[in-house]
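User: I would like to learn how to read the features of a model such as this one, step by step. Could you take me through it?

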Amino acid sequence: MAITISRLARWKQEGRVIAMLTAWDYLSAQLVDAAGADIILVGDSLAMPVLGYDTTVPVTLEEMLHHARAVRRGVKNALVVFDLPFLSYQASTAAAIQSAGRALKEAGAQAVKLEGGYEAITATVRALTQAGIPVMGHVGMTPQSVNQFGGFRQQGKTPESSDRIFKEAIALEKSGAFAIVLEHIPAELAQEISTALSIPTIGIGAGPHCNGQVLVTSDLWGLSAWQPPFAKKYLNLREQAITAAQQFCDQVRDQQFP
Ligand code: KIV
């Protein structure tokens, strides 16, 4: 059955935990949708394992739209969320509405995600939701700010940082966000935020007390060359894929195939 943002809100009240995964093309979207993911995020994390960039900063709106269109074609049930890439929403509210509108109109996404919870961002969330575009927030270790953080470091470790992240999450809910990703923050902080909010929190590297969990699918499948320490590898597909390709090359050279 198709997942909607109102079902997700109800699940938080009922205590049903949300499973979210990323997808980057038609095939990966078909697989995670068939697996029963509730939300499929066309994450800007595709910048690294799929496009070969060092961080998520360089990926463009056009690149994200190209991938999102393919993902949309592969999804039957999950809610498809489009991750707004760096600089597609920060410059102005008008820019954010244009970018988010393109995600819905051109790629068929049902919601967008953006990073941060400072004042300009919460104003943008309000404008997007008023324009009929559902918004998922994202606080804690927000990868588009990697240059500001000086690396992909855990956030919320000092009282000041923890207090700021807590306030950002509250402000995002007040501005109309329908859910919030909590990334790489202490489990106790994620628990406090999850208890204080009435909208669902979805954790990654944020402990077990969130209302949902998300993983980057290439990490879950063990396809990436590198994974963050909090990502769980359920398969070692990278090694298996290389072995299979090697077997093919050997068999062709030895004239064993076809
Ligand atoms: O881009 C992404 O994959 C994400 C998830 C880690 C939440 O933002």
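Predicted model: local features only at pLDDT ≥ 70, side-chain atom pairs only at ≥ 80, totals over all residues.

User: How are the rings of Trp24 and Trp221 arranged, stacked or edge-to-face?

Analyst: The angle between the ring planes decides this, since planes over 60 degrees apart count as edge-to-face. The planes of Trp24 and Trp221 stand at 80 degrees, with the ring centres 6.1 Å apart, so this pair is edge-to-face. The pair links distant parts of the chain, 197 residues apart: Trp24 sits in the loop between strand S1 (18-22) and helix H2 (26-34), and Trp221 in the loop between helix H9 (217-220) and helix H10 (237-253).

User: Is Trp24 buried or exposed, and what about Trp221?

Analyst: The cut-off for buried is a relative accessible area under 20%. Trp24, at 14% relative accessibility, is therefore buried, and Trp221, at 16%, is buried too.

User: Which residues form the other aromatic pair, and how are their planes set?

Analyst: Phe248 and Phe257 form an edge-to-face pair, with 5.9 Å from centre to centre and 65 degrees between the planes. Values between the buried and exposed limits count as partly exposed, and this applies to Phe248, with a relative accessible area of 46%, as well as to Phe257, at 44%.

User: What lies over the face of Trp11?

Analyst: Here one looks for a charged group above a ring, and in this model Arg16 lies over the face of Trp11, at 3.6 Å from the ring centre.

User: Which residues are around the ligand?

Analyst: The residues around the ligand include Thr22, Leu41, Gly43, Asp44, Ser45, Asp83, Lys113, His138 and Glu183. In the side chain of Asp44, an N or O atom is 3.0 Å from an oxygen atom of the ligand. For Ser45, a polar side-chain atom lies 2.6 Å from a ligand oxygen atom, and for Asp83 an N or O atom of the side chain is 3.1 Å from an oxygen atom of the ligand. As for cover, the ligand taken alone exposes 260 Å², and the protein buries 96% of that.

User: How many bridges join S1 to strand S8, and in what sense do the two strands run?

Analyst: A sheet is read strand by strand, through the bridges and the residues that stand opposite each other. Four bridges join S1 to strand S8 (residues 212-215), and the two run parallel; in this pairing Met20 stands opposite Val214. S1 is also joined to strand S2 (residues 39-42), by three bridges and again in parallel. Leu21 has a bridge partner in each neighbour, with Ile40 in S2 and Leu215 in S8. S1 is mostly covered, as four of its five residues are buried.

User: Which strand pairs with S8 over two bridges?

Analyst: Strand S7 (residues 201-204) pairs with S8 in the parallel sense over two bridges, and there Ile202 stands opposite Gly212.

Key. Residues numbered from 1 in each chain as written. Heavy atoms only, no water. Phe/Tyr/Trp six-rings, centres within 6.5 Å; stacked < 30°, edge-to-face > 60°. Buried < 20%, exposed > 50% of the residue type's maximum accessible area, 1.4 Å probe, protein only. Lys NZ or Arg CZ within 6 Å of the ring centre and 35° of its normal. Near = heavy atom within 4 Å. Polar contact = N/O pair within 3.5 Å; in protein donor to acceptor, adjacent residues only side chain to side chain. Areas by Shrake-Rupley, 256 points an atom, 1.4 Å probe, with all protein chains shown as cover. Pairing = 2+ DSSP bridges.
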